[in-house]
Amino acid sequence: TSTEQEVASWQLRDAGALDYFDVMICGDMVVNSKPDPEIFLKACQGLGVRPADAFVVEDAFSGVRAAHAAGARTIMVPDQVQPTDEIAALAEVVLPSMDAAREYMAQFL
């Protein structure tokens, strides 16, 4: 996440989701912010996976650009703004919800 580590940790803890994450790379842990791929490359390195074997779920255009530049399998779940043709072309798939993203990824496990 581009969010600072302290804030992201608090939000995930409050949501009861912090324990589901093995690695967290946050905005204050990288030099270059999205659309630079640094944050996703560091996350893959921390997990010990190749970017080509990683899924990135993003709602923002800069995040889709960063994930694509990292070489990750990019899923866009739009929040308020639907993707442009350019952004849709950078994503492997555009899905309507996180549930749909989970179902999509499950077929590759």
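This is a predicted model: local features need pLDDT of at least 70, side-chain atom pairs count only at pLDDT 80 or more; totals for chains, interfaces and linings use all residues.
## The largest pocket

Among the elements that line the largest pocket, α2 gives the most, with 5 residues.

At least two residues of the lining come from each of α1 (5-14), α2, β1 and α5 (98-106). When the lining residues are sorted by class, 23 are nonpolar, 3 are polar and 6 are charged.

## Helix α3 and its buried face

Helix α3 covers residues 61-70, and its buried residues are G63, V64, A66, A67 and A70. Seen down the axis of α3, these buried residues fall within an arc of 165°, so they line one face of the helix. The elements against which they pack are α2 (38-47), β1 (55-58), β2 and α4 (85-90). After α3 comes G71, a residue with a positive phi near 85°.

## T74 in strand β2

Strand β2 spans residues 73-76 and includes T74. Is T74 buried or exposed? Because buried means under 20% relative accessible area, T74, with a relative accessibility of 1%, counts as buried.

If neighbours within four places in sequence are left aside, the residues in contact with T74 are V56, V64, A67, H68, L90, A91, E92 and V93. Two of these, V64 and A67, are also listed among the buried residues of α3. With H68 there is a polar contact as well, since the side chain of T74 reaches the backbone nitrogen of H68 at 3.5 Å.

Note on methods
Residues are numbered from 1 along each chain as its sequence is written. Side-chain values use heavy atoms; hydrogens and water are left out. Helices (H or I, at least four residues) and strands (E, at least two) are DSSP runs, numbered from the N terminus. Buried means under 20% relative accessible area, exposed over 50%, partly exposed in between (1.4 Å probe, protein chains only). A polar contact is a pair of N or O atoms within 3.5 Å; within protein, one must be able to donate a hydrogen and the other to accept it, and residues adjacent in sequence count only if both atoms are side-chain atoms. Contact means heavy atoms within 4.5 Å. The arc is that of the directions from the helix axis to the C-beta atoms. Ala, Val, Leu, Ile, Met, Phe, Trp, Tyr, Cys and Pro count as nonpolar, Asp, Glu, Lys and Arg as charged, and the others, Gly among them, as polar.
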